Amino acid sequence: MTKFSLDPLDLAALLSSRVCHDVISPVGAIVNGLEVLEEENDAEMRGHALALIKSSANEASARLQFCRLAFGAAGSKGASIDTGDAELVTRQLIADERTQLHWSVPRVLMSKNKVKLLLNLCLLADAAIPRGGVISVSSTGEEDTVAFRIEAKGVNARVASNVPCLLEGETEEGAIDARAIQAYYAGLVAQSCGMRVVVTSETELVTIDAVPMQAEAAAAVSAVA
C-alpha cells in the first residue's frame with residue numbers, strides 16, 4: 001500500500017467526472033422523455049413521458065444540489081454552512097422507498113469543510129447498502145470537538161475493500177480513477193478538518209466514524225496509561 005498524492009488539476013478533473021456521472025442518467029432520461037413527447041400522439045404515452053421528465057428533473061436537481069454542498073464552495077463566501085441545509089439535500093438524494101434516513105445532527109452553523117465531510121460520509125454509507133436499508137446520521141460535541149457517526153444497516157451491507165485505504169490517502173496501485181475519487185476526497189476533507197475516518201463492518205451493518213485526531217490521540221494515551 002502506498003501513500004498517494006494527486007495533482008490538484010487531476011483531482012478537479014476526477015471530481016468533475018464523478019459529478020457528471022451522477023447526473024448523466026436523469027438528464028438522459030429527460031431527453032428520452034422529450035423525444036417521446038415530440039413523436040407520440042397517444043395520450044397515455046405522453047402522460048408516461050411527462051411523469052418520466054418530472055421525476056428525472058427532480059432527481060437531477062437533488063443530485064446537483066447535494067454535489068454543490070458536498071464538493072463545491074456551497075455558493076457562499078462564508079466559512080459556515082447550516083446543517084439543516086445539509087439534512088435537506090441528503091434527504092432529497094438518499095431517502096426513498098428503499099432507504100430511510102434518520103438524521104440526529106443538531107441544526108447549527110458548522111464550518112464548511114466539516115459539513116462537506118459529513119455529506120461525503122453519507123455518500124459512502126449509501127453506497128454500502130445498494131439494496132436499501134436504514135442510514136442513521138448523528139454527531140456529538142460542538143465545532144472544535146465535533147465527531148460524526150453514520151450507520152448503514154441493510155442486507156449485505158459492506159464497503160468496497162479499497163475505501164478504508166482511500167480514506168487514509170493510500171492506493172493499492174498508485175493510481176486512482178473517477179469511481180474511487182469520492183472516498184479519496186472524503187479523506188482529504190477529513191484531514192483538512194483535523195479528523196480521521198474509521199470504517200467498521202459487521203453483519204448487515206457498516207459504521208463510519210469521523211473523530212478529531214487529538215481526541216483519538218488522547219484516547220490512545222489513556223489506554224496505554
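Modeller: Sorted by class, the lining of the second largest pocket comes to 5 nonpolar, 2 polar and 5 charged residues (Ala, Val, Leu, Ile, Met, Phe, Trp, Tyr, Cys and Pro are nonpolar; Asp, Glu, Lys and Arg charged; the others, Gly among them, polar). Bear in mind that this is a predicted model, where local features need pLDDT of at least 70 and side-chain atom pairs 80 or more, while totals for chains, interfaces and linings use all residues. Residues are numbered from 1 along each chain as its sequence is written, and side-chain values use heavy atoms, without hydrogens or water.

A pocket here is an open set of points on a 1 Å grid over the protein atoms alone where a 1.4 Å probe fits, with protein on both sides within 12 Å along at least five of seven lines; lining residues have an atom within 4 Å of a point. This one has a volume (the space filled by probe spheres set on the points) of about 240 Å³. Its lining includes Asn162, Cys165 and Leu166, then Glu170, Thr171, Glu172 and Glu173, and also Ala175, Ile176, Asp177, Arg179 and Ala180.

Arg179 is exposed at 74% relative accessible area, whereas Asp177 is partly exposed at 30% (exposed is over 50%, buried under 20%, partly exposed in between, with a 1.4 Å probe and protein chains only). The model has 8 salt bridges by this rule.

The largest one has a volume of about 930 Å³ and 34 lining residues, with Arg18, Asp22, Leu123, Asp126 and Ala127 nearest its centre. Helix α5 (163-167) turns up here too, giving two or more residues alongside α1 (8-39), α2 (43-70), α3 (83-94), α4 (112-128) and α6 (181-192). By class, the lining of the largest pocket has 20 nonpolar, 5 polar and 9 charged residues.

Notes:
Helices (H or I, at least four residues) and strands (E, at least two) are DSSP runs, numbered from the N terminus. A salt bridge is a side-chain nitrogen of Lys or Arg within 4 Å of a carboxyl oxygen of Asp or Glu.
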